[in-house]
Every structure is written in C-alpha cells, then in structure tokens.
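Walk me through this structure. Begin with what the record annotates, then turn to a ligand and its surroundings.

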Amino acid sequence: MSYILEVKDLKVSFKDKKVLRNINVKFKRNKITAIIGPSGCGKSTFLKTLNCLILEDSEASVYGDIIFNSESILSMEREIVRQKIGMVFQNPTPFPLSIYKNMEYALKFYGVSRKKRHEIINEKLKLTGLYDEIKDSLNKSALKLSGGQQQRLCIARALTVEPEILLLDEPCSALDVKNTLNIEKLLTDIKQKYTIIIVTHNLPQARRIADETLFMLDGEVIEFDDTEKIFKNPSDQRTKEYIFGLFG
Amino acid sequence: MSYILEVKDLKVSFKDKKVLRNINVKFKRNKITAIIGPSGCGKSTFLKTLNCLILEDSEASVYGDIIFNSESILSMEREIVRQKIGMVFQNPTPFPLSIYKNMEYALKFYGVSRKKRHEIINEKLKLTGLYDEIKDSLNKSALKLSGGQQQRLCIARALTVEPEILLLDEPCSALDVKNTLNIEKLLTDIKQKYTIIIVTHNLPQARRIADETLFMLDGEVIEFDDTEKIFKNPSDQRTKEYIFGLFG
Amino acid sequence: KDKDMANTEEKDKIKIGIALSFKGSSTLAPVITKLTKDFAEKYQTWDKIDASLPNKKIEIFVSGGGSGAGVKSIIDGLSNFGMVSRPVSDKEKAKIKGYKEYKLGTDALTIAVNPGNEIYKVKDSISSEELRKIFSGEYKYWDELDSRLPHEEIVLVTRDIGGGAHKVFQKKVMGDVKVSENVIQAPSMGALVAKIIENKNAIGYASFGVVNQNKGKIIPLKVDGVEPTKENIISGKYKISRPLLIITDGEIDELEKILIDYITSDEGMKVVEKMGFVPAR
Amino acid sequence: MNIRIYRKIEIIFAFFMKIFTSFSVLLLAFIIFFIVKESFELFQSISICKFIFSDTWRPTSEPFEVGILPMILGSLYVSMLSMVISLPISVGISIFLNIILTKSMRKLMRVIVDLMAGIPSVVYGFWGLLVIVKFFEDKLSFCTGESVLAAGLLLSIMIIPYIVAACDESVKKILDNYKNTSMALGVSKWHMVRYLILPSCLRAVFLASILGFGRALGETMAVMMVIGNSPIYPKLLGRAQTIPGLIALEMGGAEVGSIHYHGLFASGFILMFILFIINAAFYYIRKNYIDDRY
Amino acid sequence: MSSKKHLLIKIWTVMSGLLFLTVVIYIFGFIIIKGINSISYRFIIEKPDGFPLGTEGGIFPAIVGSICFTLVAVIFALITAFATSVYIVFYEKNEKVKSFIRFIIGTIAGIPSIVLGLFGYSFLIVYLNLEISILTGGIVLGIMIFPFIEVRFEKSFLEVNRGLIEASYSMGVNKFYTIFNMVLPICYRDMLSAISMAGNLAMGATAPILFTGAVIYAPVPKSLFSPAMALPMHLYILISEGISLKNAYGTALVLLMILLIMNGLPVIFTMWKGED
Ligand SMILES: Nc1ncnc2c1ncn2[C@@H]1O[C@H](COP(=O)(O)OP(=O)(O)OP(=O)(O)O)[C@@H](O)[C@H]1O
Ligand SMILES: Nc1ncnc2c1ncn2[C@@H]1O[C@H](COP(=O)(O)OP(=O)(O)OP(=O)(O)O)[C@@H](O)[C@H]1O
Ligand SMILES: [Mg+2]
Ligand SMILES: [Mg+2]
Ligand SMILES: O=P([O-])([O-])[O-]
C-alpha cells in the first residue's frame, strides 16, 4: 500500500473553539506533501495532531483516528509515534547545548551505543549538508550557528531517530533566500528515504518542491491534489482565490 | 536637485567586525527605494545609520558622511535628524498606551498644541487607512489591534512628526498576505509626500512597489538601479544569482 | 490511664535522648542558662558524675517564653523543668500531677527610673496610690506627680501580659485598677531594664536582680517608704516580691534529680545571688 | 541506559512528583485549615465583629476582653506609611537604574538591591533601633523614639528592594522593546521617561505595591523592635502595636487552649484574611484590568 | 526646550538613586565599622560566655545552628517545591487543579512568618508532642520558603521556550528525559539563585523558629532532634535584653557576611562552570 498515513474524521478543538473539522486525507509514502492555507486555518494544529503533540495541550480535545502503517496512532505509545513521525518547527529550536550533544540527545535516550551514535550523527550531518560546514566545531554551542544552519541542524537532529515521516511547520519562514534554497534541496534529496509533510506560506516554495498540495481553510481541507493541478487549475473557487490572490 | 540623501564613503563596524564597507549611494526624492540582500548583509545596520540610531550603540563606529538636503546629518542634532528621517521596524512596536496617546507621543515633545495635535492625528490615521477602522476606539490600548493595524499605526505615528524620509525595515515580514498588501498600497499612496526606503526579504514585494532597488551583499552595494532593470536584467552576476535563485 | 501511659512514654523518650530542657520565666532563664552551662562544662558526660550513669554528653536546653509558658510546658509534658517567677495558682497546680516546686530564691519588682530623672531627688518615696495613678495612665506628665518635676511625658515600661511579673504587679500594686495600654511592652526583664536605661522619662517595674546587675544605670525607688533591699524583701516589708521557682511533675528521675540538686546547692545559690536575686538559702 | 529503563524511571518519577505535590498541597491546605480552626474556637465565646471592632486587649484578666482594632489599625497604618514612602522612591530608583546608569553599573546595583532584600529583619531592626529611634530621641527629642514613623521608615527601607525588583524588570522590558522606536521618533530620553515609561510601568508599580504592602503587613521582628508595642490606637509620632508583634510578644506565654491562645490565633487569622483580600484583589485586578504587558 | 522641561523627574530620579545608595552605605557601613572590632577568630569559634550569657565569648553554636536550620529548610522546600513545580508545569493537565494548587501556594505565601511559627508551635510541638528541635524549626522555615522557591522554579520552567520542549517530545523522548537533559540544564542558574535567596530568607528569619526550634542557649547541636541556637534569635536577645551591644554588632556583621557569601555562591558556581 502506498499510503503511509490515513487521517479519518479528525476533529480538534481548543476548549469550545473548533479548529479542525472532519478531516479525511491520505498521505503517500516517499512524497513531499505541502499544506497551504491562510494564517490561523489550523495547519500547525493539524501537524501537531499527526504526531500526538497536540495531546500535551491541556485545552485540546481530539476526535477521529489516524492510521499510521495500518495502526492507529492514538492507541500507540506516544513516544513511539513521535519517534516514527518527527517534526521540525517554524523557528529553529536547537537546544542550548553543543552541536554534538544536540545530535546525541535522542540517541542517548534510545540507548544507542557511543560508537553507533557517532556514526549516525556523522551520517545525518552529511545528509543535511552540514558536515563540511561545521565538522570542526561540533563542540561549539548550537546557538552560535546561523539561522539556516540551526534549522538544518534541527532537521538532522529529527532524522537521528530514523522517523518514517518528517513534519515541517514553515521551516523556512525565518530564513533568507539562500538558506531556504538549501533546505529545499535537502528535502528533495531525502525524500527517497522519508515521507515529508511541509506547511508553508511560501507558495512558490510549495510549487517547487511538493508532489502533492493540500489547501486548508478554516479547519477544513478544501482541495488535495497534485501540486501541478492545484497551482495550474484548482477545482475549487476558494483555492483559486487564495493562490492567485497572492500574486495579484 | 532630486537627490534627498547622499551617502558618502560610509563605513560601519561593530567592534572589529566590518559590517558596512564603503557605501556610496544617492536616494531620489519621492521615490520608493527597496533594499534587498541576504540575511546579515547589513541592511538593518544601513537603515539605522541613515537616521543616526546606530550612534546609540556603544559598540558601533561610523565613518564617512551622509548628506541630507545638502547638510551633513552627523553634524546635525540627532533628534532633528530623526524627526526628519522616520523609521518603522520589522515587528510592530505600538507603545503599550492607548492608540491616541501613541499618536500624540512625539507631537507632545515638539510642543504642538492640543488642537493641532488632534488635526494631525486624524489626518495621519486617514492617510494610513486606519481612521475608519478604529475611529471609535482611539482610547483603546494599541496592543489590542491586529498585527497589520499595529504596523499601520506605527507608520502613521512615524508620519506625525512630518518626516521627509521614511525608513522601513521589513515592515511586512510579521504580517500575512492581506495585511501586507494593505501596507504596500499605503506606501505607494503616500510616496507623493514622502521619500521611502524599505528593506525587504520579499522580492515580489520589492518588484511590486519599488521604483529603484538596491542589492547589498556582505556590507557592500552590489547594484543599485531601476527595479525593472534589476529584476529583469541585472548587470552583476551575484545579483542575478540572488534574484533568480529565489525563483529557480 | 492511656494518658498516663503516654506520659510515661513521653518521659522515657526524654530519658533516651538524655537531653534535659527548661522552659519559662525570662527572669530565671539567664540564671538557669548560666548554671546549666557551668554544670555541663564541669562534668562533660553523665558518667563523670556517677559511673553508673550512661557515658553520654550532658545536654541541657533553656528556652524562654515567660512564666506562663513554664507552667504550661509542665502541664503538657513538653519539658523537664518549668521556670516560674510568680506564685503558681491552685488552678494550675490542680492540672499538674505530682506537682513539685523547688524555690531558688526571691525577686522583687522595684519601681525603677532612669538616673536622669530627678524624681529620686525630689521625692523620698512613692506611694502605692501614686503608682496606681502613674501606671493606670491617670498621670500623664511627671509634673502631675510632683510640680517640681518637668512637664515631660511619663513613659511606662511593662512586661507583656504573659510575663509573670505582670501578674504579680497587677495583683500586689494595681489591684482592680487596669494598667494603661499606652505602655511599652518589653518581652523580657532585660529588655524592660534596657528601655529604662535608655529613656530619661521611663518608669517600670524592674526585677531586683536585674537592677542589681545594672547598678548606677538605673535607680530603684522606695515604695510606701520601704526601700527594696535584701533584708526588706526577706522580711516581707517590701511587698512587691515574688518567688523564683523550678517546677516539675511526677517523680523526677535520676538525672533530673542530680541537676536539681546542683541548682539548689550552695554553688547554685551563689549564682542566684550573683545575678542579684535573694537566694532561698 | 536505554528506552526501557527511561520508561520505568518516567513512571516512577511521575508517581513521586505526584506524591510530593499532593503531600505539599495537603500540608499547606492543612495549615490554612488549622489556623482557621484554632481561631474559630475564639469566635464561639466572642463574636468576630466584637473581636475586630473593640479596642481593649486583656485576654488574661477576668472577665477577659479581646479586641484587636488598635493592632489592626497599627498594622495597616505602618504598612501604608511605608508604602507611601517607598513607592515613589522605588520607581525613581528603577528609572535611575535604567536611564542614568550604564549597563554594568545597573547590574551591580541590581546585585545590591538583591542584597538589601536579603538582610535579615533582625539586622534591620537592630539598625533601626540604633539609628532611627536614636535619632528621634536625641535630635528630635521625642519622648520615645519608638514610633509608628520610625517603623514606617524602617519598613520602607526594607520593602524598597522588593518594589524596585518588580519595577526595574518592567522598566527594562519597556526599554528593550521601545527605546529604538522612541528614539526613531526624535524625542528625548526624558520625554520617553515621562510619556512612555511612567505610564506603561504604572501597572507594574501597582502590582509591586500590593506585594510590598503584603510584605510590610507580615513583617514581625524589625517592626516589633522599633514600634514600642503599645496596644493603643496608632498615631504618627506615637507608639503602636502590630498584629505580628502582638503574636511574637505573647505567644510564648499564652496558655495553650486558653482564650489568650485562641485570641492570638484569631489575630493571626485576621492578618491572614487581610492579606488574602489584598491578594485576591491583586489577582482580580491583574485578570480584569491589567491586559497590557508591563 | 526640553532640557528644563522634565527637571522635576530628573531631580526625583537622581535623588531616589542617591538616597538609596546612601541608605545602603549607611546600613552596611554602620554594621561593618562597628562590628569589625568585635569579630575575631575566637568570636567565631567559641561558645557564648559571660554573665549574663552572651556578654563574652563567641557565637559558634549559633552559626552552626543557623546553618542546620537553613539546610533542613532548604532541603525540605527544595524537594517539595521541585516536585510541585515539575508536576504543575509538565504533568498536570487540568487547569482547575493547577489553579487550585497555585491558589493554595499563593495563600501560604501570604501568611506572615509569625503565623507560620504559631502554626508550627501549636501543631508540631503541642499537638504532635514533638520536642522543639532543628528538625521542627527547619520544617517551619521550609514551609515559609516553599512558595518562594516553587514560584521561581515554575516561572523558570515556563520560560523555557515551548518550542524546545515540543522539539524534544517530537523526537520520541519522554518527559523525564526532557526535564533532566534539557530543562534543568537551561534553568539551573535561575534555580540556584532561587535556592540561595530562599536560603537567605530562612537564615535570617526569627519569627518561625521563635517557638519551634531555637533556644536561648544550646551547645553546638549534635543531631537534628535537638534544639539549637540561631544567629538572628541570638542577635535579637543580645539587643532586646541589652546584654552586649558589642557582641550584637559582631553577630549582625556575621549575618551580613553569610548573606554576602550565599549571594555570591551562584555567581561563583556559574563562573566555575565557565559560562558567561
Ligand atoms: N493552544 C491553543 N489554545 C487555543 N487556541 C489555539 C491554540 N493553538 C492554536 N489555537 C487556535 O487555533 C487556530 C488554528 O491555529 P494554527 O496555529 O493551527 O493555525 P495556522 O494555520 O498554523 O496559522 P499560521 O499560518 O499563522 O501558523 C487559531 O485560530 C488559533 O488561535
Ligand atoms: N549591535 C550589534 N553588535 C554586533 N554586531 C552586530 C550588531 N548588530 C548587527 N550586527 C552584525 O552586523 C551584521 C549585519 O546585521 P544586520 O542586522 O544589519 O543584517 P540584516 O541585513 O538586516 O539581516 P536580516 O536580513 O537578518 O535582518 C550581522 O552580521 C550582525 O551579526
Ligand atoms: Mg502555524
Ligand atoms: Mg535586519
Ligand atoms: O519571668 P517572666 O518572664 O515570667 O516575667
């Protein structure tokens, strides 16, 4: 089966406020899916629901089901879910530790041996193109890196635990053009190994990298289709308005 | 003379770090000039130098000269310079006072009479298109406004002291598409009265509103020309890379 | 009966700890502190006194709180000894099983003023009636007492109402008349005397012992013509006096007995006398 | 170590956190309950109104009289006085720290302010006795230097560090956020102080003052040492007694279970209640009126 | 035009600053100058002596006693406050429970220390029939500083960027690991300074131990179950009974020195850790 994640009748609300209404979608394995939509439509909430992060919020209530590799994630242990479904946030979140310790952080938790850790860290740093840039300063504080480097570090860090899916919430919005392109390249490079779901405000970006695009509005999925289709010839009027409004 | 501001051999460094090297440019009156360039190239520093805000930073040292209406601003009183050359920042910074008090703030300093203040405030609020939206809640805290309104309030506030030049440092980067378009419209509306210099990361934005565009890299001005020219046919290879990189 | 059990258990606990504690009168506290510290330093461990006793360090604690607290601590079994510097009322005695008291000496409450106060030159003696008027607040200025004195406010210094001295003073001098509320309340005799030493217009009922310790810095007045002297206090001519007591409940154990014997020995009496009080023997 | 062990630790850890939290919360709740219970024993023999509004405190005489109005007023008077003195000075200091001093000087001063907050109250009382009280007696020839004024002055020195700490933080935040903006409008530093900082930190000042007031009300030893402890209605230049002073002075001697004992508990309860009202007002105001960030 | 305009504010500001500095210098100067002569090696390491006790000799038992009281208080408060703040911030999801706990803590924070002392005396000493001791006094002090520590810990935890915690969770790492490997390393400086300030508070407090743990005289304590002398109480007695002004100055100075040392500890610790 080529679907890695199936969202069924998902509803999320904060207190009385309905943020996601009845979402039914399926994500394809080893593809990049972009989620677009105006601010506040629930994109971040949706991502957080996919790896159960939403459950840490005391105000949120979640209904519906999410099937990951034919298992319901709501019945799985949260830690396992999150290990399988990694996430990277809008603002780079390097821990205030050294670069190496950042990379080691989750590996230690999973009891990976020192030698194995070293290997994995090098591999992931190479994968994200960071290795050459920072190989001499692995013991420097990760906070000293530039914004783009920090974000790539966060992606590399998320990959250390070998997730199958990587969720990214506007990973480039705090970065400049060059760094953005770096990250985009990185994502297309790694999609052979991972399934990627990325939220972005930057429509050209979605167009550049995504295989499929999902347009949300007010907590509902309006349209979900091939990227080319969405951008060239959206079926829904609202999608059209959103996409062309931006260039207008 | 149609140049309102001339920058001559400007060099700025923080401690030993050279941030701006030998800048020589002239800004045209009643035009919108966009400054673009990758993160950290010195755009914000350049803007701050133009209204002497950089002088408040004890680590900064400034060489060279800036001629404003054929007078050197470094020899003018700082407060006067700043009154003539207003500035708006990346994140909206309404003071935690009422909307009206925000607008009144600088006027009081200049000893404008209460009646006159009232007139000016209404005028500027109308100019920025805020008046109709908030005329009934002038005594409400400015922090209660939405992000876009806050930013327009900041522009209106900067205009109360009748500057000749308005500097804007990525004024839309914290805003969504709709608010961004609002502000862009506002800027093109007021350029008959003011000279506008705007830093932006958003290249389409520069293209939409700027008459001239200045591309900076590593503290140097690489290219400064008509916007159309820069975007369609830049002379410098680096400019080309930067601009097309984004659309690549 | 259960309570008895609890009480003996309590006692045992104290014994196991071998720490002995005194609580109560702030007048007596310095005397007992001095005595017990000497005692502990002299013998160090109990077996030095008697080889049959345990080889444990001698530990004795003294805490204040006032005579009321002393009685109370015995009623509740909170300490081994209560220090009381007033007569123990029958009502209180009834609450203590096997009440026992050891008299260390007698103290008197002298009516004391600052040496800067001319009163002792002007008046030979002060009468009980005048005292009542002063302490009830009827006389506000010194010249109301005697026109030769300056028109300056009388500053009353008393103990807090929990102190034994206050009870004695109320009973022996004031009777039914209430002590004014416009008084400085001192938490202990030392504090009361310190106040009088500092303030020229102050008057208060200072402990005979503490006055003796501060000879010259504070002047005791004659009351109804009787001077507070050792003889007058023993003979009972000076009326405002009070006993200094150590009280216990039930049978005292071996260690407690050794300590009490020491306190009431000649050595103990010497300290009582040295502190300015009139020793029992 | 591996994930299994961490899982187990997590369960144990969460369990212990819950146990300790329940323990502390129960303990604290019990304290409140205990104080209330011990106080209400008194109110079986005398009404709470009479206790609060009558002015004679003779719990050991027969018949007893227990009224603590003078002490309540004394406590309030001294605390208000100290607030009136310390508030303007504290705000002044906060502005002094942020506007006049350099960054490193400011840091140094903050350390000093924290130091002042840490000085034990007995030491303050000692100093007050030897300096303030002495000054009143020798230089101003009061009949006793111990007075409400002395206590108010001493207390104001003691709470200034607390108020400064709160205000300074707020002033600093305002400066961090708005200094550039304000300067870009071409106004002077002092204009900013007058029209931006003062109005914006008003809320912080208000909240700090409520906290400071609470501290002042509860202060025991220092006040007790310089106020004279006379259970009479307070006058600025006269003596008075505060509730904490009353308790500290008489608790040791009060017979457990007596009217005197319960009376002291009840006065502690009244003090607690006043503080509770103040804190409730604090939360209410913060929730409903303080919507801005500083 | 504006140089004269805000003259009043300028004067007021400068005066407040100078006034404060004057008071600081006066207090510290007064105690240091007067106390320095009383302090000697023997004053620190000897028992009080003389007649009445305290006129001569030193204050060693009081120093040790105060340190013991403070340690007991800090340990008690640290365990409970750490647990409570961790629980509230990371484990409890029910907002109502959270605000109930905060409400209780706020109320306790508002209780004057003397009333806590009163509680300790009535409950621990009278009802539970415990003897007054370092342990009982320390616990009452601990209850007093508990809210202080808890509030600061909680604030420090809440100030940790939510994103970091979410990032940690989203790698499949559990709370315990997150707390100990990320949150604590970030917060330890704030926590240390909270602890040392709370220790200061406990060290300087008299009212809570007046009836629950401190005595006029006791030798250097041998166990937690014996009562002890405490510096602030000793100072109070020296002053109020007018026993010895000279030794009172000395004691006050020792208290101030301990304060300085305890305030310096976190600074030294961070320097030793080699961070800014
Ligand atoms: N913790 C929360 N408590 C209450 N409401 C929340 C919470 N988080 C989000 N919301 C609300 O849910 C809605 C959707 O928020 P969400 O962050 O998912 O939007 P978004 O599409 O990611 O927006 P943006 O593009 O600005 O990031 C918003 O209206 C927001 O106010
Ligand atoms: N106050 C300062 N002290 C030291 N260095 C500074 C300071 N402000 C800026 N810099 C340095 O100067 C360089 C230019 O910074 P500047 O903020 O002008 O860049 P920018 O082009 O505005 O970047 P961005 O697009 O991210 O806003 C950067 O390398 C920055 O680290
Ligand atoms: Mg979002
Ligand atoms: Mg910038
Ligand atoms: O000696 P007293 O403290 O009971 O007066």
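This is a predicted model: local features need pLDDT of at least 70, side-chain atom pairs count only at pLDDT 80 or more; totals for chains, interfaces and linings use all residues.

Residues 58-91 of chain E are 94% helix and 0% strand. The end C-alpha atoms of that span lie 50 Å apart. Residues 132-149 of chain E are 89% helix, again with 0% strand. Here the end C-alpha atoms are 25 Å apart.

The unreviewed UniProt entry also places a domain on chain E, "ABC transmembrane type-1", at residues 63-266. Over that stretch the chain is 76% helix and 0% strand. The end C-alpha atoms of residues 63-266 are 21 Å apart.

Now move to chain C and ligand 5. Which residues surround ligand 5? They are S25(C), S26(C), T27(C), G66(C), S67(C), S85(C), R159(C), G163(C), G164(C), A165(C) and R242(C). By class, this shell has one nonpolar, eight polar and two charged residues.

Look at the individual contacts. The side chain of T27(C) has an N or O atom 2.4 Å from an oxygen atom of ligand 5. For R159(C), a side-chain N or O atom is 2.6 Å from a ligand 5 oxygen. A165(C) contributes through its backbone: an N or O atom there lies 3.3 Å from an oxygen atom of the ligand. How much of the accessible area of ligand 5 does the protein cover? On its own, ligand 5 has 200 Å² of accessible area, and the protein covers 100% of it.

Conventions. Residues are numbered from 1 along each chain as its sequence is written. Chains are lettered from A and ligands numbered from 1 in the order in which they are written. Side-chain values use heavy atoms; hydrogens and water are left out. UniProt positions are given in the numbering used here, feature names are shortened, and annotations may be inferred rather than shown by experiment. Helices (H or I, at least four residues) and strands (E, at least two) are DSSP runs, numbered from the N terminus. A residue is near a molecule or strand if one of its heavy atoms lies within 4 Å of it. A polar contact is a pair of N or O atoms within 3.5 Å; within protein, one must be able to donate a hydrogen and the other to accept it, and residues adjacent in sequence count only if both atoms are side-chain atoms. Accessible areas come from the Shrake-Rupley method with a 1.4 Å probe; for residues, only the protein chains shown count as cover. Ala, Val, Leu, Ile, Met, Phe, Trp, Tyr, Cys and Pro count as nonpolar, Asp, Glu, Lys and Arg as charged, and the others, Gly among them, as polar.
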